[in-house]
Amino acid sequence: MKKKSIKENPALQNVLTTEIPKRLSVLPLREVIVYPHMIFPVLIGRESSLQAVSEALKREKYIFLSAQSNPLAEDPRPGDIYEAGTIAKIIQIVRLPNNLIKILVDGVVQGRVIEFTEEENFMEADVEIVPPSEEDDNPELQAMMRHAGDFFKQYVRTNRGIPPEVLTAFDNLQDPVRRLYYAAANIETAIDEKQAILDKFTLQEQYFVLVALLTAELEVLRLEQDIDDKVQETIQKTQKRYFIQEQIRALQIELEEDEGDAFPELTKIREDLDNTNMPPETRKKIDEEFEKLKKTQPMMPEYGVLRNYLELVAALPWSYATADTLNIMHVRTILDEDHFGLEKIKERIIEYIAVLSLVKGVQGQVICFSGPPGVGKTSLARSIARALGRKFVRMSLGGVRDEAEIRGHRRTYIGAMPGRIIQSMKRAGTVNPVILLDEVDKMVTDFRGDPSAALLEVLDPEQNSAFNDHYLEVDYDLSKVLFIATANVKYDIPAPLLDRMEIIELSSYLEFEKEQIAHQHLIPRQLEKHGVQEFPVKFTKDAVLELIRSYTKEAGVRNLERQIAAVIRKTARNIVFDLSKTEQDMTDEARHKESASTKRPRKKALHPEIAEVVELTSSEAEVLSHPHKIKAREQVRTVEREITGALVHEYLKTPVNRRREKELSDKIGVVTGLAWTSLGGDILPVEVTIMPSSNKEKLTLTGKLGDVMKESAMAALSYVRANAEKLGMSNDALQEREIHIHVPEGAIPKDGPSAGITMTMALISAAAQRPARGDIAMTGEVTLRGNVLAIGGLTEKLLAAKHAGITTVLIPKENEVDLLEMNEQTLAGLRIVAVGHISEALSEVFRN
C-alpha cells in the first residue's frame with residue numbers, strides 16, 4: 001500500500017509547516033461549517049470575533065474556524081465550540097455599517113485544537129494540522145469513494161433545492177479530498193452531523209461518515225417524495241371529480257334535467273324536504289338555500305354548512321302530530337300507577353286534560369312543578385306524556401348561562417348549531433311533544449346573555465307560534481307543544497318568566513306517604529333492579545318506618561330508595577350465599593350416594609358434555625350437571641325472607657337520625673324554631689347568652705346568618721328592650737350587656753325572616769332567666785311592634801316539627817287559612833296555635 005504524504009508535496013509542506021503559525025486565534029461560527037478548500041463569506045459582529053480577526057491579520061491572516069456546539073451562546077467559551085475545525089486564510093475584508101465587517105475566508109487544511117488559551121477579549125488555541133492523506137491501493141476506500149460519488153449524484157438529482165450545476169462541478173473534481181469536502185458542504189443536514197466529518201482524521205473514516213449521511217438523507221427524500229406523490233394523487237382525484245361533476249352539470253342544464261340526479265345526496269335532501277309539509281313562506285326560504293347548495297362546489301366550506309342546515313330542516317317535524325289520549329279516566333289510572341298521593345296535583349292535571357279535550361288545543365298554559373328534590377316533579381311530567389300518548393323530551397337547564405343554548409348560534413360561526421328547543425323538537429319527531437324544562441330556577445345570567453329572557457318567547461302563547469331560532473332563521477311553530485317546567489325554589493325564577501307559568505306546589509311527603517311509595521314503587525323496582533324479584537323478599541312495616549325515621553332525612557324519597565337498595569344488596573348477597581351452600585350440599589350428597597353404591601374409585605369430576613366419552617354412570621354425570629343449580633334455586637325460592645326493623649339496623653348499622661329527648665327539655669335561652677329549605681323543612685334551635693360587658697352594649701350573631709336573619713335579630717332585640725317592663729324584667733336587664741345569639745350548625749348558611757319570633761322568645765328567656773318549653777316550636781316574622789307576620793313553607797315546617805317529636809307549634813295567625821288545605825295526616829299529633837302578637841305566645845312558651 002503506497003501512501004502519499006505531505007513530505008512528497010514540497011509546496012504544500014512549505015505552506016503547512018512554514019506559513020501557518022502554531023498558535024491561532026479562534027473564530028467561533030454559528031449554524032455553519034467551513035470545510036477545507038471552501039471559499040466562504042463570514043459576517044463578524046461580536047466584539048470577541050472582531051478581536052480574533054484583528055489578531056489573525058497580524059499572523060499571516062491565518063485563523064482557526066470552528067462551529068459552536070451551543071449556537072445560543074453569545075459569548076462562547078472553550079466548552080461551547082468543537083475542537084475539530086478548519087484552518088483558513090482571510091483573503092478579503094469589507095467593512096460594513098454598525099461596526100460590522102464581512103470577511104472572505106479560504107479553507108486551507110483540517111485542524112484540531114491541542115489547547116485553548118484565552119486572551120482578554122478573544123480565544124486563542126494551539127492548533128495541530130491534520131494533513132490530507134490518500135491511499136491509492138486501498139480497495140475498501142476506493143469502493144467507498146465510488147459509493148459516495150454515486151450517492152451524492154443521486155442526492156443532487158432528487159433534491160430540488162440543489163441546482164444541477166453542483167453536480168457538474170463535482171464531476172470536474174479529481175482530488176478525493178476535495179470531492180469529500182465539496183459533497184459534505186452541499187448536504188442539507190444538521191450542523192452536528194456535518195461536524196462528524198471533521199471529527200474524523202483519516203480519509204476512509206471521513207468517507208464512511210459521508211456515505212452514512214447521504215444514505216440517511218436519501219431515505220428522508222424518498223419519504224418526502226412518497227408523501228408528495230400521495231398528496232398529488234389526492235388533488236388529482238378531487239380535481240377529476242370536480243371536472244366530471246361540472247361536465248354532468250353542464251349536460252343536465254343543456255338537457256333541462258334535474259341537477260340533483262347526478263348528486264344522490266342532493267336528491268335525498270330534496271325528497272326529504274318535499275315530505276316535510278312546511279309552511280309556504282318557510283318553503284320559499286328553504287328552496288333558496290337549496291339553490292345555493294346546488295351552485296356551491298362540494299370542496300368549499302359553505303357546502304358543508306348549507307348541507308347540514310338543510311338536513312336539519314328536513315329532519316324537523318313540521319306537521320306530524322301524535323293523537324292525544326284525552327280519556328280522563330285513563331289519565332287518572334296512569335297517574336295513580338306512577339304516583340301515590342299528590343291528590344291535589346293529580347286533580348289539577350285532570351282539569352287541564354279535561355279542558356284540553358274540549359278546546360282541542362294547549363291554550364298556551366305552562367305548568368311549573370315547584371318543590372323539594374325527590375318529590376316526583378320529573379316523573380309527574382313523564383306520566384303526563386304517557387297518559388296523553390305524546391313523546392316526552394327532557395331538557396335540563398341547570399347551569400345554562402348562554403342565550404345561544406336556547407336560541408342557537410348564527411350560521412356565520414364555525415361549529416354553529418341550533419338551540420336546545422329546536423334540538424328537542426328534532427329528537428321528539430312530532431309537533432306536539434311534552435318538553436320538560438328541568439331545573440328552570442338554576443339558569444345563570446352572565447356576559448353571554450340571559451337564557452331566561454330567551455325562554456320568554458318560547459313560553460309566551462302569543463309569540464311561540466313563530467319562534468325564531470338563530471340557526472334556523474325561519475319561524476317555527478311551538479304552539480302545540482306542552483311545556484312543563486320544574487324548580488326547587490320558585491323565588492329563584494326570574495319574575496317575567498314566573499309570570500308566564502302556573503305554579504303547582506309539591507310539598508314534602510308525609511311519613512305514611514313515604515311508606516306507601518316504598519311498598520308500591522321503590523321496593524319492587526329495586527328488587528327487579530338487583531335481580532331478586534323471583535325470591536320472596538318482604539319488607540315489614542316497621543322496617544320501612546325504621547328506614548324513614550332513622551336513616552333518611554329528606555322531603556322526597558330519593559335517599560329512601562338508596563337505603564332500600566342498600567338493604568336489598570345485602571339480602572342479595574345472602575341469597576347467593578344460600579344458593580351456593582345448597583348446591584354444594586346437593587352435590588356432596590349425590591357423590592356420597594354414588595361412592596356408596598359402587599366399588600369403583602370415584603372418577604375425576606369432568607364437564608357433563610364429555611361424560612359419555614369417559615363412560616361415566618348417569619348418577620356421576622348428574623352430580624356434575626346443571627340440574628343441581630336449578631334444584632338449589634327452587635329450594636331457596638321457597639324460603640321467605642322478611643326484612644324487619646331489627647334486620648335493617650343490623651344491615652345499615654348506626655342510624656343517621658337520632659331522637660334526642662334531652663333537646664326537648666325546658667332550657668333557659670334556648671327556643672326551637674322551624675326553617676324551610678329547598679330540601680324540605682327542618683328545626684332551627686336558637687341559643688341566647690347574656691353576659692356583662694366592660695365597655696358598652698354589644699350584639700354578637702353567629703351561625704353563618706344572612707342579612708335578613710341578622711335584621712330579624714336586631715328587630716327582636718329592639719322589641720324586648722322597648723317592652724322590658726311589660727315582659728316582667730327590669731329596664732336595665734339588657735343594659736351594659738353583651739348579647740350573643742347563636743344558631744347551631746354554623747357551617748350551613750341560614751337566612752330569612754321567619755325566625756323572628758324564635759329569637760324574640762329566646763331573648764326573653766335569657767333576659768328573664770325563665771326556661772322556655774322544649775316541646776314547642778314556632779315560626780313567624782316579628783315587627784318592632786311585636787306583630788307576628790305570615791311565612792311560607794308551612795307544610796314542610798310542620799312535618800319537620802313532627803319528625804323532631806315536637807307536640808305544639810306556634811304559627812302566625814295570617815297562616816291559619818293554610819291549615820284548611822292541608823292533609824289531615826300532616827296535622828295529626830300536632831297542637832297548632834295561631835298567634836298575631838308576641839304577647840299571645842308568652843303563655844304558650846313559658847309554663848305557669
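Reader: How many helices and strands does the secondary structure of the protein chain come to?
Author: This is a predicted model, where local features need pLDDT of at least 70, side-chain atom pairs count only at pLDDT 80 or more, and totals for chains, interfaces and linings use all residues. Residues are numbered from 1 along each chain as its sequence is written, and side-chain values use heavy atoms, with hydrogens and water left out. Helices (H or I, at least four residues) and strands (E, at least two) are DSSP runs numbered from the N terminus. On that basis the protein chain comes to 28 helices and 28 strands.

Reader: What share of the 848 residues in the protein chain is buried?
Author: Buried means under 20% relative accessible area, exposed means over 50%, and partly exposed is in between, with a 1.4 Å probe and protein chains only. Buried residues in the protein chain make up 44%.

Reader: Among contacts between residues at least 6 apart in sequence, what percentage join residues at least 24 apart?
Author: A contact here means heavy atoms within 4.5 Å. Take the contacts in the protein chain between residues at least 6 apart, and the share joining residues at least 24 apart is 73%.

Reader: How are α8 and α9 oriented to each other, roughly parallel or roughly antiparallel?
Author: Axes are lines fitted to C-alpha atoms, for helices over the stretch in contact, and angles run from 0 to 180 degrees between N-to-C directions. Helix α8 (residues 264-274) and helix α9 (residues 280-295) pack at about 180°, with axes 12 Å apart. Angles under 35 degrees count as roughly parallel, over 145 as roughly antiparallel, 65 to 115 as roughly perpendicular and the rest as oblique. So α8 and α9 are roughly antiparallel.

Reader: Which residues of α5 make the contact with α6?
Author: Helix α5 (residues 176-185) and helix α6 (residues 191-198) pack at about 170°, their axes 11 Å apart. They are therefore roughly antiparallel too. On the α6 side the contact uses Lys-194, Ile-197 and Leu-198, and on the α5 side Tyr-181, Ala-184 and Ala-185.

Reader: What is the relative accessible area of Leu-810?
Author: Leu-810 lies in strand β27 (residues 808-812). Leaving out residues up to four places away in sequence, Leu-810 touches Ile-776, Ala-777, Met-778, Thr-779, Val-833, Ala-841, Glu-844 and Val-845. Leu-810 is buried, at a relative accessible area of 0%.

Reader: How far apart are the C-alpha atoms of Leu-810 and Gly-673?
Author: Along the chain, these two are 137 residues apart. Their C-alpha atoms are separated by 9.4 Å.

Reader: What is the phi of His-37?
Author: Most residues other than glycine have a negative phi. His-37 sits in the loop between β2 (23-29) and β3 (39-44), and is partly exposed, with a relative accessible area of 33%. Although not a glycine, His-37 has a positive phi of about 70°.
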